[in-house]
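Please keep the sequence and the coordinates side by side while reading.

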Amino acid sequence: RQEGPYYLVDQGAVAAMLPIRPKFAHKGSFGRVQIVAGSKGKMGAALLCGEACLKSGAGLLTIHVPGVGLNPVQTVLREAMATVDDCSDHVSDVPELEKLNVICAGPGLGTHIETVQALTKLIKANQEPMLLDADALNIVASQPGLLKHIPEGSVLTPHVGEFERLFGKYANGLDRIKKMQEIAVTNQLTLVLKGAHSATVTPEGRVCFNTTGNSGMATAGSGDVLAGVITGLMAQGLSGADAAIAGVFLHGMAGDLAENKVGKSSLVASNLLSELPKAFNNVTVTSLF
């Protein structure tokens, strides 16, 4: 038989991707993460992303936030460190990039002109794979030529509207998938198109359709949680592609577990955070060494 580019993701495939946590490891073994997120009125997105990152196994997390974000981060995310922007309401500059394994930018970031300049600087200065979500994607869409500066191996997580702003219109769903493949291969990126049966396209052009999740997850903040999960997995050494495939599956499984408890209509993003540990426990391969 001839193998095609289309795949369905199942639990066995995800289990094989997840990192083993050796007994004698330390926090530095599981990666250092920098999240750049939040703006006045949108700090919840940064908090959801950060907690999801920590609950996905990242060893050390620092969140760069505007001044209004310091108290929420230090109160809600007691395990995270914070760096504070000079601006009170939005991010206007970027933090130091030393000793980092992965950067996540975008949740609740806003598109203030100073934020656009800061993110542009961040993308051009960073050499390691990163994850761009939400307003980071809108900023890339507004800056011609910035896409080519995103490091190879990075992950972009647009919903349908963000995808159109980034890459233009398409004739139908199949045309959109083909466009995703072209962009992923040309730029050596992983693209996650969020929605029912989210599609992850790898730098090799493989298209992986997710098999977990439900319509209750169509709620504010769900994407911020997903960004955190994928970032946490990348911090532990997974490639952007594997982190995205596994992260989407685990995110959806957390949604299914949450649906069992609260139903679809009442499901909110914080329910996903509550169920992430069980989702990981369902598929994680453990080690004694």
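What follows is a guided reading of this structure, with each term defined where it is first needed.

This is a predicted model, in which local features need pLDDT of at least 70 and side-chain atom pairs count only at pLDDT 80 or more, whereas totals for chains, interfaces and linings use all residues. Residues are numbered from 1 along each chain as its sequence is written, and side-chain values use heavy atoms, with hydrogens and water left out.

Strands of a sheet pair through backbone hydrogen bonds, either parallel or antiparallel.

Two of these pairings can be followed in detail. Strand β2 is joined to strand β3 (residues 60-65) by 5 bridges, and the two run parallel; within this pairing, Val33 has Leu61 in β3 as its bridge partner. β2 is also mostly covered, since 4 of its 5 residues are buried, where buried means under 20% relative accessible area, exposed means over 50%, and partly exposed lies in between (1.4 Å probe, protein chains only). Strand β6 (residues 130-132) pairs with strand β7 (residues 155-156) in the parallel sense over 2 bridges, and Leu132 stands opposite Leu156 in β7.

The expected span of a helix is 1.5 Å times one less than its number of residues. α8 has 14 residues and reaches 20 Å from its first C-alpha to its last, close to the 20 Å expected; 13 of its 14 residues are buried, and just after α8 Gly237 takes a positive phi of about 105°. Helix α9 (residues 240-262), with 23 residues, reaches 32 Å between its first and last C-alpha, close to the 33 Å expected. α9 is likewise mostly covered, with 17 of its 23 residues buried, and is followed by Gly263, whose phi is positive, near 80°.

Rolling a probe the size of a water molecule over the atoms shows where empty space is left. On a 1 Å grid over the protein atoms alone, a pocket is an open set of points with protein on both sides within 12 Å along at least five of seven lines, and its lining residues have an atom within 4 Å of a point. The largest pocket has a volume of about 550 Å³, a volume being the space filled by probe spheres set on the points, which are joined across faces, edges and corners. Of its 26 lining residues, Lys194, Gly195, Met217, Ala218 and Ser222 lie nearest the centre. α8 (222-235) and α9 each supply at least two residues of this lining, and the largest share, 4 residues, comes from α8. The lining divides into 7 nonpolar, 15 polar and 4 charged residues, where Ala, Val, Leu, Ile, Met, Phe, Trp, Tyr, Cys and Pro count as nonpolar, Asp, Glu, Lys and Arg as charged, and the others, Gly among them, as polar.

Charged side chains also meet in pairs. A salt bridge is a side-chain nitrogen of Lys or Arg within 4 Å of a carboxyl oxygen of Asp or Glu, and a search of the whole structure finds 7 of them. In one of these, Lys42 and Asp135 have their closest N and O atoms 3.9 Å apart. This pair links distant parts of the chain, 93 residues apart, with Lys42 in the loop between β2 (32-36) and α2 (43-55) and Asp135 in helix α5 (residues 135-142). Lys42 is partly exposed, at a relative accessible area of 40%, whereas Asp135, at 14%, counts as buried. Another salt bridge joins Lys264 and Glu259 at 2.7 Å, N to O; Lys264 is partly exposed at 39% relative accessibility, and Glu259 is partly exposed at 23%.

Two backbone angles complete the picture. Most residues other than glycine have a negative phi, and most peptide bonds are trans. Lys99, however, has a positive phi near 55°; Lys99 is found in the loop between β4 and β5 and is exposed, with a relative accessible area of 69%. His197 also has a positive phi, near 55°, and is placed in the loop between β8 (190-193) and β9 (199-201), where His197 is exposed at 54% relative accessible area.

Note on methods:
1 Å grid on protein atoms, 1.4 Å probe; cavity = no way out; pocket = protein on both sides within 12 Å on 5 of 7 lines; lining within 4 Å. Pairing = 2+ DSSP bridges.
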